Each structure stands twice: as C-alpha cells, then as structure tokens.
Amino acid sequence: MAGIINRLIALFVVLIGTLPVQADVSDVRLWQSPDNVRLVLDLSGPHEHKIFQLTNPDRIVIDLKDAALKMNSLAGVAEDSSDVIRVRSGRRNQTDLRLVVETRGTMKFKSFPLPPAEGVDHHRLVVDLARSQTAAMVSAPEVVKKAESYEANKRDIIIAIDAGHGGEDPGALGPGRVMEKHIVLAISKELQRLLDNEPGFTPFMVRTGDYYIGLRERSDKARKANADFFVSIHADAFKYPSASGSSVFVLSDRGATSETARFLADKEHASDLIGGVSIGDREDHLAMTLLDLSMTHKRTASVAIGDEILQEMGKISKLHKKNVEEASFVVLKSPDMPALLVETGFISNPGEARQLKTSAYQKKMARAIFTGIKDYFRSNPPAGTLVAAQQKAAQQFIEYTVRSGDTLSELAVRSGMNMSELRKLNGLNSNSLRVGQKLRLPNS
C-alpha cells in the first residue's frame, strides 16, 4: 500500500511540474535605439508566451496565459518612441493577458526570455522590433579597407567608440546603485567631443544613448563605418571591494585563432577585404594564412595603442596591471581592425566609484584615452589620411632659428623658394624678421 501511495505522490509531483506557471507582468519598458525598439516585460516568474503579427493596422500581439497586468497604466510606455504608437492591454478568455504593440509600420520581431541575473531578481520577456528597411541595410555591411581608395582625398582617421552595456543591461553596479552603462556613456561622449575637435580625426559612436546592442553587432557597426580603431569602454567590478585600478585588454592568441576560423566560415564575410586583400576568391588555406597575418598585425597595433593609453591613464589613476592584458572578449574579435577594451576603474570599489561618477574625473579619463590614441596615430597614421599627409609634409621641412644678419630674401634664395612662397609657408605678413624667430624651411 505504501508503495502505491508513493507512486501516486510521485505522479502528482510530475503532473504539477508540467502545469504552466502563472506569472504576472509588473512593469513594461520600451528602449528606443537608432536600429530597433526593445520592449521589456518584468515577470513575477518564468512564463510561456505566444507572439504574432497583424496588419491593417500594424501591430504585434503578445499573449500570456493565466496572467495579469500589475502596473497602473501603459499610457506612457511609448511616449518617446518614433516607431511605436502605443502599448495597450486586454483580457483574453477571461484569464489570459493580451498586450498589443501598435506600430507605425510593419516591423520584424523576435522574443526571448531572460532569467534573473546579477542585480536583477526577476524574470523578463524581451521583444525586439526591427524596422524592415534597417534590417535590409545591415544584412550585408559594405566594408572598404583599400588604402589606395583614399589617396585622392586626405581622409580622417576614424575611431569607433563603444560605450559598454546599455538599456536593460546596466553593466556592473557600484555603491548607491551607480550603473556602469551611464558612466561609460558619459566618458565615451567626452572622448567623442575631443576627437571631434582634433583635426584629422573623426569619432563614430557605436551606442549613442541608453539602449543595448549585441556584442558582435558592435564590432560589425564599427567595420561598416570603416573604423581604423575600435575602443570599448567599461568599468570593472569584482566580488571584493578592495580591487582597484584601470586596465587595458587586447584579444588573446586563443581568441584570435578561433575568430579567424569563424570569420572564414561566415559566408557573409567571405568577400570582405582584410587589409585591402579580398579573401572571397582564395583557397581556404591561403585565406586562413591571410587572416592570421591580418589578425597578428592588428593585435600588434592594438598592444602599441594600449601601451600609449596605459601610460596616460597612469598619470591620473592607479593601474590594475601595468601592461596590456589579453582576454577573449567578443567585441574585440575583428580581424581587420585594431581593437581594445578599456576598464576605466573598479565601480565595485567605493573610492573609485565616487570618482567615476563625477564629470571632472570622466573628462580626465576620456582625455587620457584620447591622448593615447592621438599619440599613436600621429606616429603611425594610416596611408591616405590627413595625419599621414601632415607627417609627410613635416618631414620635408626643418625648423630654422633666425640669426643676426639673416634676411628673408637670402633665406628664400638658400631654400630655393621665392619670397612670397616663404612668407605663405610661415604665415608672415611682411619681409621683416627678428633674431630668434622660428621659420619652416625646406629640408634640403
């Protein structure tokens, strides 16, 4: 008899385990990005859902069985969106919750659940809505890396700035719930401002606001922008609050090897240009060799840039490690673009968290990263850029200090130039010179 009862209990437990779990919706948030819209539902537990699309008018319908909406109103959810008209709710079969997302056009959609994570103690349902034209535009990014295509125009050096995390992903949380995503976006925007004001450089912001972008999508965006360098900015965290200091990471050897194989196997990338050489029409072993050479060259450049940045960061903060470290971060995995991940400090350290959330320190950190990047590219400019042209021009001239008895006409004769050319070269308004004055003369 006891055996029968035990079997019945076990069967009851199994049946209970197969019943759907009821989960209510406590909050609904909408995140707007330049490429898509992300809708996030906070759930009281794990829950299965159905999602489908209707047209005339366009709308996305989400059904949750045996669920209820526990927030007061959905009226303000879509107020900042240019794609979503409104989000409304209703009852279905008197027990189910139906959410309707009214959109201004037909949008591609996908949904997935998110279990509790660090700093988030509840389940979530994420619905991503992509504009049809955006999806078509990003399906096959055009990448042009041939140096000769820039020779006619002295182009700017393009620096891709990636502010880590964003949107539903706050990153690390510091004391007082200071969020990594806000700090790194502020540093990134200051770095953008500095590069905007530097002749010969153009910044490209991977993330411009508080929304999330997939890790591989970040480097893909930088490649599509023809970036010469990719820097991903973060703030570290550790279980012990005593951990402190800034650090810089480059892609590891193991990460580089696995990435060359993935890139070669990816049909979307097969016709891309790596260092100006197409791999699409090469035998696999030759394509792999070209990828290995490109990855090695880019990693070498990455380490050199990282050394410059570390040197500058060491002037304003403690360094966690004095050398560039290696890691297999996904955002660094691009075989045709130098890339670094910069940890600006430990947000889990109370002292560093207080610094990182101040505007003054954010500006200091941005300037340190900026100076490191600028110093490297001033010495190693890509061919065809304005900086390369300036460097070449600088090598053609010397600095001459005017001595007693020197005249502009004599210096022009000795330089093989006429006086008007020499005045224009040095920005002079007259033929007068003074002892000790600095002039640029041809290096001959």
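A residue is called buried when its relative accessible area is under 20%, and in this predicted model Asp228 counts as buried because its relative accessibility is 13%. Asp228 forms a salt bridge with Arg155, with the closest N and O atoms 2.8 Å apart. This pair joins distant parts of the chain, since Asp228 lies in the loop between α4 (215-224) and β11 (229-236) while Arg155 lies in the loop between α2 (132-138) and β9 (157-163), 73 residues apart. Arg155 is likewise buried, with a relative accessible area of 13%.

Across the whole structure, a search finds 20 salt bridges. One of them brings together the side chains of Arg29 and Asp42, at 2.7 Å from N to O; Arg29 belongs to strand β1 (residues 25-32) and Asp42 to strand β2 (residues 36-43), 13 residues apart. Asp42 is buried, at a relative accessible area of 7%, and both Arg29 and Asp42 take part in a network of salt bridges that also links Asp27, Arg124 and Glu168.

Another salt bridge joins the side chains of Arg88 and Glu102, at 2.6 Å from N to O, and it connects strand β5 (residues 84-92), which holds Arg88, with strand β6 (residues 96-103), which holds Glu102, the two being 14 residues apart. Arg88 is partly exposed, with a relative accessible area of 32%, whereas Glu102 counts as buried at 15% relative accessibility.

Finally, Thr385 sits in the loop between α8 (359-379) and α9 (386-395) and counts as buried, because its relative accessibility is 1%. Leaving aside neighbours within four places in sequence, Thr385 is in contact with Lys154, Arg155, Asp156 and Ile157.

Methods: Residues are numbered from 1 along each chain as its sequence is written. This is a predicted model: local features need pLDDT of at least 70, side-chain atom pairs count only at pLDDT 80 or more; totals for chains, interfaces and linings use all residues. Side-chain values use heavy atoms; hydrogens and water are left out. Helices (H or I, at least four residues) and strands (E, at least two) are DSSP runs, numbered from the N terminus. Buried means under 20% relative accessible area, exposed over 50%, partly exposed in between (1.4 Å probe, protein chains only). Contact means heavy atoms within 4.5 Å. A salt bridge is a side-chain nitrogen of Lys or Arg within 4 Å of a carboxyl oxygen of Asp or Glu.
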